[in-house]
Amino acid sequence: MLKKYQQGNIYMGRLDYETDLLKELTAIVKDKNIKSGRINVIGAVKKATISFYDQQKKEYRDLTWVEEMEIVNCVGNISLRDGEAIIHAHITLGTSAGKLRGGHLAAGTIVFAAEYIIEEFIGEAFERGTDKVTGLPLWQE
Amino acid sequence: MLKKYQQGNIYMGRLDYETDLLKELTAIVKDKNIKSGRINVIGAVKKATISFYDQQKKEYRDLTWVEEMEIVNCVGNISLRDGEAIIHAHITLGTSAGKLRGGHLAAGTIVFAAEYIIEEFIGEAFERGTDKVTGLPLWQE
Amino acid sequence: MLKKYQQGNIYMGRLDYETDLLKELTAIVKDKNIKSGRINVIGAVKKATISFYDQQKKEYRDLTWVEEMEIVNCVGNISLRDGEAIIHAHITLGTSAGKLRGGHLAAGTIVFAAEYIIEEFIGEAFERGTDKVTGLPLWQE
């Protein structure tokens with residue numbers, strides 16, 4: 001199951017100090033009316049929250065680290081859920097010792113500095129809906 | 001040594017439950033007749049296999065983890081080997097404790113859920129051939 | 001604070017054995033006269049240096065690993081500093097045991113093999129300048 005897109009506008013910018021990474025990115029995506037696309041971020045955080053999906057119990061479990069960490073990588077896609085733009089992103093975090101941690105990016109991840117690239121893809125947007133096999137909100141046919 | 005490309009079509013989609021990540025992506029790339037490009041994936045796996053290249057012995061050694069893990073990042077390029085499209089990709093995996101692992105993506109990595117972006121680059125494709133210095137199948141002049 | 005861009009040329013290529021990853025990428029970007037864009041690299045290194053930014057002391061501290069490692073991911077953006085193109089990139093490295101490390105890519109990271117994608121974004125370039133809040137060289141209005 002796939003859809004074909006053309007490259008649209010590309011936005012580069014940075015987020016303000018102490019903003020919420022996922023919420024700010026989502027606000028920009030909605031402001032620019034982007035319904036399909038990709039996001040990339042590098043920077044640093046003061047605190048991070050990820051969600052791990054338990055494939056057996058079919059539920060998310062949150063993990064929070066209150067610690068200075070680099071955003072070594074953060075990559076995600078843009079689609080729709082209930083008609084609203086939603087970012088699904090995964091994040092790689094680095095500690096002061098260069099150790100890496102990460103997972104599914106959740107709200108509650110607080111920016112120290114963050115430089116993003118947001119791309120718009122031109123084409124029919126995917127809409128998320130509950131997938132029976134995995135229990136996840138996956139793209140529907 | 002570099003080649004210049006223009007952005008072509010972009011495909012977003014998801015892979016089916018319990019498919020082989022590298023094999024499925026390669027099948028899509030071949031089906032769309034893409035010879036140069038990039039892939040990005042986020043999602044989760046039930047099992048993963050990576051290959052580490054020993055720079056001294058000039059050989060790959062496989063590592064397999066049979067465990068629920070997030071695909072925190074998976075990024076790769078598309079070129080040719082023996083005239084056939086080949087994906088060279090590296091993967092970052094996250095455990096339930098948020099620990100990260102990863103390396104060179106090998107066949108045997110089984111999808112729980114996977115959302116991909118595959119981009120076609122328009123231009124002359126690179127062809128891989130054995131590099132004398134490293135022993136790796138690198139892009140040839 | 002953001003700026004809008006259009007996709008420009010895309011370059012794929014590989015770096016030579018034992019070159020300096022950050023210096024070589026920067027040389028290519030300058031040679032192609034790219035002032036805004038993105039870089040992606042996968043490959044392997046013989047040695048790597050990252051810099052961790054201490055958010056309290058507002059200073060970078062270097063970490064070096066002299067060891068064969070995979071470049072599991074390396075992603076960055078291109079902008080200007082003092083009118084010269086500069087790459088800000090973060091790197092994820094993988095050991096022979098599949099353990100991951102990484103952070104802010106510094107000079108002194110030596111290539112075993114490296115395949116890159118460099119993209120030019122068409123639009124007004126960001127210029128870096130010292131940010132009062134964080135002490136970092138961030139994009140200015």
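A:Tyr17, A:Phe112, C:Tyr53 and C:Tyr60 form one aromatic cluster. The model is predicted. Over all chains, the structure holds 15 aromatic pairs. One of them joins A:Tyr17 and A:Phe112. This pair is edge-to-face, with 5.9 Å from centre to centre and 70 degrees between the planes. A:Tyr17 sits in the loop between strand 1 (2-15) and helix 1 (21-31) of chain A. A:Phe112 belongs to strand 7 (residues 110-122) of chain A. The pair therefore ties together parts that are 95 residues apart in sequence. A:Tyr17 is partly exposed, at 33% relative accessibility. A:Phe112 is buried, at 3% relative accessibility.

A second aromatic pair is formed by B:Tyr5 and B:Phe121. Here the geometry is tilted. The ring centres are 6.2 Å apart, and the planes make an angle of 45 degrees. B:Tyr5 lies in strand 1 (residues 2-15) of chain B, and B:Phe121 in strand 7 (residues 110-122) of chain B. The pair links distant parts of the chain, 116 residues apart. Both B:Tyr5 and B:Phe121 are buried.

Charged side chains also meet aromatic faces. A:Lys3 lies over the face of A:Phe126, 4.5 Å from the ring centre. In chain C, C:Lys3 lies over the face of C:Phe126, at 4.5 Å from the ring centre.

The arrangement of the chains was examined next. Two copies of a chain are related by a rotation about an axis and a shift along it. For chain B, a rotation of 120 degrees with 0.0 Å of shift along its axis gives superposition on chain A, with an RMSD of 0.0 Å. That is the relation of a three-fold axis. B:Leu100 comes closest to the rotation axis among the residues of chain B, with its C-alpha at 3.5 Å. Only 14% of the interface residues of chain B are also interface residues in chain A, so the copies meet through different surfaces.

Chain C was compared with chain A in turn. A rotation of 120 degrees superposes chain C on chain A, with 0.0 Å of shift along the axis and an RMSD of 0.0 Å. In chain C, the C-alpha nearest the axis is that of C:Leu100, at 3.5 Å. Of the contact residues of chain C, 12% recur in chain A; the copies use different surfaces.

A:Cys74 is in no disulfide, and the nearest cysteine sulfur, that of C:Cys74, is 16 Å away. For C:Cys74, the closest cysteine sulfur is in B:Cys74. That separation is 16 Å, too far for a bond, because a disulfide requires the sulfur atoms to be within 2.5 Å. A:Cys74 is buried, with a relative accessible area of 0%. C:Cys74 also counts as buried, at 0% relative accessibility.

B:His90 lies in strand 5 (residues 84-94) of chain B. B:His90 is buried, with a relative accessible area of 1%. Its side chain makes a polar contact of 3.3 Å with that of B:His88. Beyond its neighbours within four places in sequence, B:His90 has contacts in chains B and C. Those in chain B are B:Asn73, B:Cys74, B:Val75, B:Gly103, B:His104 and B:Leu105. Those in chain C are C:Ile42, C:Gly43, C:Glu70, C:Ile71 and C:Val72.

A further buried site is found at C:Leu138, which has a relative accessible area of 7%. C:Leu138 is placed in strand 9 (residues 137-139) of chain C. C:Leu138 and C:Arg81 are 57 residues apart in sequence. In space they are 9.5 Å apart, C-alpha to C-alpha.

Conventions: Residues numbered from 1 in each chain as written. Chains lettered and ligands numbered in written order. Predicted model: local features only at pLDDT ≥ 70, side-chain atom pairs only at ≥ 80, totals over all residues. Heavy atoms only, no water. Least-squares fit on C-alpha atoms with pLDDT ≥ 70 in both. Contact = heavy atoms within 4.5 Å. Buried < 20%, exposed > 50% of the residue type's maximum accessible area, 1.4 Å probe, protein only. Helix = DSSP H or I, 4+ residues; strand = E, 2+ residues; numbered from the N terminus. Polar contact = N/O pair within 3.5 Å; in protein donor to acceptor, adjacent residues only side chain to side chain. Phe/Tyr/Trp six-rings, centres within 6.5 Å; stacked < 30°, edge-to-face > 60°. Lys NZ or Arg CZ within 6 Å of the ring centre and 35° of its normal.
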